[in-house]
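Student: I have a structure open and I'd like to learn how to read it. Can you walk me through some features?

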Amino acid sequence: MRTHQGRPGLPRPGIAFGGDYNPEQWSRETWEQDARLMREAGVDLVAVNVFGWAEIEPAPGVHRFDDLDTVLDILHAHGVAVNLGTGTSTPPPWLTTAHPEILPVTREGVTVSPGGRQAWCPSSPVVREHAMRLVETVADRYADHPALAMWHVSNELGCHNALCYCDESARDFRRWLAERYGTVDALNEAWGTSFWSQRYGSFDEVLPPRHVESPENPTQMLDFRRFSSDTLLDWYDAEAAILRERSTAPVTTNFMVAAHIDTQDYWDWADHMDVVANDHYLDHRLPDPWGELAFTADATRGLAGGRPWMLMEAAAGAVNWQPRNIAKRPGELERMVLSHVARGADAVCFFQWRASRAGAERFHSALLPHAGTDSAQWRSTVRLGGMLDALDEVTGSVLRADVALLFDWQAWWAADRPGHPTGDVRYLDEVHAMHAALRRAGVAVDVVRPGDDLEGYRLVVVPTLYLVTDAAAAEVDRFVADGGTALVTYFSGIVDEHDHVRLGGYPGAFRDVLGARSDEFFPLQAGETVSLDDGRRASVWTERLEARGAEVRARFADGPVAGSPALTRHRYGGGAAWYVAARLDDAGRQDLVTEVLADADVPPVLPGAGGDVDVLRRTADDASYVFVVNGSDEPFVAQVKGTELLTGHDATEHHVAPGDVAVVREHPQDSRPTSEEDA
């Protein structure tokens, strides 16, 4: 895994607890009450001025800071630190009225109106000039304020305006392409423009991939995604440079590592952050929202290079933006929080502190709900603050995993484009499914970028990595040759970074290490399933596979490629590489993962861990901490030689009731069983 060196890190010792605070929505009389209640709940870090532009600059060049001054002074007096927003996330009405050209344009050519949030084009020099001037003003005023703990650049960059197709974006896209390719001939080669008479004579002829009535050029679409991610990162860097010139406080922005957001390549962003921070909300539209939470938390830790990170936003109860906004049942808030902390979060913050009376998010939950302090939510907030205080000593400890799962935003962009053998292969489906199977097997998983150093892992899982560079494929090859075990799933290694098919047979970049070659895909109809001769079942995908040095572990028993290998294992150098040429059902996938983990000699974190019981270990120099998050209907007894239960209900037997959580401090020498008898 990549490691980050020299970053300032989180701004305080102990687990930070807090959330977004929007005092501009409330009267001054409420501010003192809020600060007192924050201390009662154990809140010690709040984000302020995230959407403050219209408040602190009500007219061009006219600034009004008296309210923000007062709020920061009150918070500081009550011992609450501030994650200070630059205020640039949404321009005020005076700016969009004076300069409507800053508004973003959709792919269909529709100009987005103000009235929501983030109604600005990331390539607009006009909005950038105004925004950076505001950042300078805010930084000059508050760089030395004693309440300042860290800087919050903009907010959820790209949540609503990641892709803009206006003329300004077109000019910026051409500039980006010229820098990337150097010559228009190189662009033509990368984009394969000999197809459909698309060859360009100059960069001036290139447009963003606006609406067309036929399939688009896939590499043009991929490069536009790369450009758009880079443009927003450049915006972040511009704000961060201003702040770092004036302040030593750490600088960050909130990522959106989640199933419904794919517009930023956060692997490219991570090294630009002093603290990696993520916003995450349980998504009840998904078949397994708790599994998606576990994956995103592991991915955020991967972005942080294994170091502690910050949960910048979560929901204390329900959100307001899903078709059915499900409130948290008793115990679920603690389960959610401990799932993040177990995976490396050293700060837990929420949107928001006090529930809004007006506006689009008035029915979004908050730490302090509409009902006030006489409410179950408030009592839950106070309990949560006490639980996090009890875990302060955990901060700075890290999670170490034996298993790495390769995940890539650019592969996601490319794999989910139309024009593929089947539209039923969705990249994130297989990523989530493999991660869930590993989690249910009771092992810890690092989510890493393809091409990162894999040394130190025992098993590397490569789910549906459709797009892969030569360098990333070579790292998997080296890892296996040096004695590691790899598991690669269908539709991996197919194209290079330009989305050009790797010739010579599938799975392209991984043919040699897998010792297998496919010459044709045979996707299945909706609802169609096939059997393997080992009893497993599969759907969505099959292919005609030939073992070329690999051992055949299972064959298709029926379906369009009956008799063809479906599962292979190849001895390669000192290691072994497995390939599964179908989308197995949940039971078959779980069996396969169990088999491969045994082959790689990867034990569970604790005996009995797995299924719906998450068990993870964070390690420090002088202690380690076992987290048990019991999402099952049965009690779980943690077989750990701990000396003290930091949180939980039974300090003697480490008995974790259904739906409950526990954290146990271990002696360093007791952090892993030394033999089966010890286990």
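Student: Let's begin with strand 11 and strand 13: how many bridges join them?

Tutor: The general idea is that strands of a sheet pair through backbone hydrogen bonds, either parallel or antiparallel. In this predicted model, strand 11 (residues 403–406) and strand 13 (residues 459–462) run parallel and are joined by 3 bridges. For a spot to look at, find valine 403, which stands opposite leucine 459 in strand 13.

Student: And in what order do the strands of that sheet come?

Tutor: Read across it as 12-11-13-14-21-20-19: that's 7 strands in an open sheet, with mixed pairing. Strand 12 (445–448) and strand 19 (551–555) are the edge strands, since each pairs on one side only. On average, neighbouring strands in this sheet are turned by 20° against each other, direction ignored.

Student: Which strands does helix 10 touch?

Tutor: Helix 10 (residues 289–303) packs on the sheet and touches strand 11 and strand 12. Its direction makes about 60° with that of strand 12.

Student: Okay, now strand 3. Which strands is it joined to?

Tutor: Strand 2 (residues 45–48) runs parallel to strand 3, with 4 bridges between them. Strand 4 (residues 148–152) is also parallel to strand 3, again with 4 bridges.

Student: Is strand 3 mostly covered or mostly uncovered?

Tutor: Mostly covered: of the 5 residues in strand 3 (residues 81–85), 4 are buried.

Student: Let's do helices. At what angle do helix 1 and helix 3 pack?

Tutor: Two packed helices are described by the angle between their axes and the distance between the axes. Here, helix 1 (residues 28–41) and helix 3 (residues 66–77) pack at about 25°, with axes 10 Å apart. Angles under 35 degrees count as roughly parallel, so helix 1 is roughly parallel to helix 3. Their crossing is right-handed.

Student: Which residues make the contact?

Tutor: From helix 1, you have Arg28, Trp31, Glu32, Ala35 and Met38; from helix 3, Asp66, Asp67, Thr70, Val71, Ile74 and Leu75. Sorted by class, this contact has 6 nonpolar, 1 polar and 4 charged residues.

Student: Last one: is valine 337 buried or exposed?

Tutor: Valine 337, which lies in helix 11 (residues 332–342), has a relative accessible area of 0%, so it's buried. Leaving aside neighbours within four places in sequence, valine 337 is in contact with Val348, Phe350, Leu384, Met387 and Leu388.

Conventions
Residues are numbered from 1 along each chain as its sequence is written. This is a predicted model: local features need pLDDT of at least 70, side-chain atom pairs count only at pLDDT 80 or more; totals for chains, interfaces and linings use all residues. Side-chain values use heavy atoms; hydrogens and water are left out. Axes are lines fitted to C-alpha atoms, for helices over the stretch in contact, and angles run from 0 to 180 degrees between N-to-C directions. Helices (H or I, at least four residues) and strands (E, at least two) are DSSP runs, numbered from the N terminus. Angles under 35 degrees count as roughly parallel, over 145 as roughly antiparallel, 65 to 115 as roughly perpendicular and the rest as oblique. A crossing is left-handed if the near helix is turned anticlockwise from the far one by less than a right angle, and right-handed if clockwise. Contact means heavy atoms within 4.5 Å. Ala, Val, Leu, Ile, Met, Phe, Trp, Tyr, Cys and Pro count as nonpolar, Asp, Glu, Lys and Arg as charged, and the others, Gly among them, as polar. Buried means under 20% relative accessible area, exposed over 50%, partly exposed in between (1.4 Å probe, protein chains only). Two strands pair if DSSP finds at least two bridges between them.
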